[in-house]
Amino acid sequence: MSKVQDILEQVKKRNPGESEFHQAVEEVLKSIEPVLEKHPEFIENGILERIVEPERQIMFRVPWVDDNGNIHVNRGFRVQFNSAIGPYKGGLRFHPSVYLGIIKFLGFEQIFKNSLTGLPIGGGKGGSDFDPKGKSDAEIMRFCQSFMTELYRHIGPDVDVPAGDIGVGAREIGYLFGQYRRLRNAYEAGVLTGKGLTYGGSLVRKEATGFGLIYFVREMLAANNESLKDKTIVISGSGNVATYACQKAQEYGAKVVAMSDSKGYIYDKDGIKLDTIKQIKEVERKRISEYVKYHPEAEYYEGKKVWDVKCDIALPCATQNDIDVDYAQKLIDNGVIAVGEGANMPCTNEALDLFLENNILVAPAKAANAGGVATSALEMAQNSMRLSWTFEEVNKKLDDIMVNIFKMSDKAAKEYGMEGNYIAGANIAGFLKVANAMMAQGTV
Ligand SMILES: NC(=O)C1=CN([C@@H]2O[C@H](COP(=O)(O)OP(=O)(O)OC[C@H]3O[C@@H](n4cnc5c(N)ncnc54)[C@H](O)[C@@H]3O)[C@@H](O)[C@H]2O)C=CC1
Ligand SMILES: O=C(O)CCC(=O)C(=O)O
């Protein structure tokens, strides 16, 4: 049995039932096999055994009271996965599907993604099985305060810096920050990122993941003599990442014809009117089906996935395992040329293999959606300096970072004989930096 196979067996045995975590580990370890052949010292120094085991996992009770006086108990998580290159960094997800296996897959991926940004941030992730849907503002605030009442003792600007993810946006970060500040009796702005602009937030953080995804896709297309101009795009999701990916893609002259939420998708053959999406999702917090009330010429498909729609470029920006092998085949049959992963692990490993076999360009999540966390690191830098950069300054830095991530992924893929396989390239480049840092720091 190969070393990688052996580690995968161990991971499955020691982390039973955590299928998303197994999937994420398998995807990374298989693609770094050629690196291990070239660098046996990583195996000799137990890098693989150590990198798949979180440095610390915290699980806690989150009791809160709803507007009717009823008591609820949710479960809170923070997985501090790897701090070899910097303080743990990664978002918080509030969604009913959250359990340890999801937080571990996200935390594991965050190690390599954060490494690719070139900035000093380690990997972590957290969240809760709390469902924010249908909750009042006051309930969200009480939940966030209770969550932070435990979390605050485990985080800090030089320790662990959470941010948003699914179900956690500017409103939740505000409530979390308020409670942290109260408990610590200190203004440690750099403890959370994605903050509001009046209290230490960075311009462009809101847009960063979606913009960064499009910058990466732009580079990938250019390297393959293609561009975004006049391409038909389909996006899953209509949250933070999806919205700003749509905006930037439209700015580059692409036509986005479909977007979705967990209930269904809308199709607008003339192109999605993004102001309407922002109104429905950011202001009214309603379902995407509302779109057809504003634009009766558009169509709504309940219970269906956007991948039924013919497109040149598919941008999964909702959640994990959104594109399985059947949807991948459908996209290929419909003539897709590129897939840009805005969400974390939105394609199954089998779907990714099928895309590669069919020479479809894939911008892998760890690289392509790294713009969000990279801009979070820029927010931390501004907080440390007690300065704020302009929109143009931050956007330029983000664009440069994404160009660099593409170059690193491209170069690593070529170096290891897998030209054009940016999935392997990103995994290899992300892994090498962390593995070398772990080697230099001894067995810790
Ligand atoms: N917000 C950020 O900066 C970053 C987010 N990501 C990833 O991007 C993805 C989207 O995150 P955000 O836009 O921040 O969250 P969000 O909460 O703003 O939006 C999530 C979107 O996904 C849809 N969705 C959620 N669960 C679903 C399900 N089970 N089936 C179908 N649709 C579902 C929701 O309806 C919503 O449109 C996630 O995978 C997240 O981990 C990755 C990097 C950074
Ligand atoms: O900005 C951050 O720290 C986290 C972003 C995030 O959750 C992600 O990259 O998946």
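Q: What makes residues count as touching Gly 164?
A: Two residues are in contact if their C-beta atoms, placed from the backbone, lie within 7 Å. Leaving out residues up to four places away in sequence, Gly 164 touches Gly 91, Leu 92, Gly 169, Glu 172, Ile 173 and Gly 194. This is a predicted model: local features need pLDDT of at least 70, side-chain atom pairs count only at pLDDT 80 or more, and totals for chains, interfaces and linings use all residues. Residues are numbered from 1 along each chain as its sequence is written, while chains are lettered from A and ligands numbered from 1 in the order in which they are written.

Q: Why is Gly 164 called buried?
A: A residue is buried if 20 or more other C-beta atoms lie within 10 Å of its own, exposed if 12 or fewer, and partly exposed in between. Gly 164 has 27, so it is buried.

Q: Why does Gln 110 count as buried?
A: Its 26 C-beta neighbours inside 10 Å put Gln 110 in the buried class, because the cut-off is 20 or more. Gln 110 lies in helix H6. Its contacts, residues up to four places away in sequence aside, are Phe 81, Gly 90, Gly 123, Gly 124 and Lys 125.

Q: How do you know which residues are listed under "binding site"?
A: The list comes from an unreviewed UniProt entry: Lys 89, Gln 110, Lys 113, Gly 164 and Ser 376. Such annotations may be inferred rather than shown by experiment.

Q: What makes a residue part of the shell around ligand 2?
A: Its C-beta atom, placed from the backbone, must lie within 6 Å of the molecule. The shell includes Lys 89, Lys 113, Asp 165, Asn 344 and Ser 376. Strand E3 (88-94) and helix H16 (371-385) each supply at least two of its residues; helices (H or I, at least four residues) and strands (E, at least two) are DSSP runs, numbered from the N terminus.

Q: What makes up the shell around ligand 2, by class?
A: Two residues are nonpolar, seven polar and three charged. Ala, Val, Leu, Ile, Met, Phe, Trp, Tyr, Cys and Pro count as nonpolar, Asp, Glu, Lys and Arg as charged, and the others, Gly among them, as polar.

Q: How do you know which domains supply the shell around ligand 1?
A: Domain bounds come from an automatic or database domain assignment. Domain 1 (3-186) and domain 2 (206-363) each give at least three residues to this shell. In total, 21 residues surround ligand 1. Helix H10 (residues 240-251) has the largest share, three residues.
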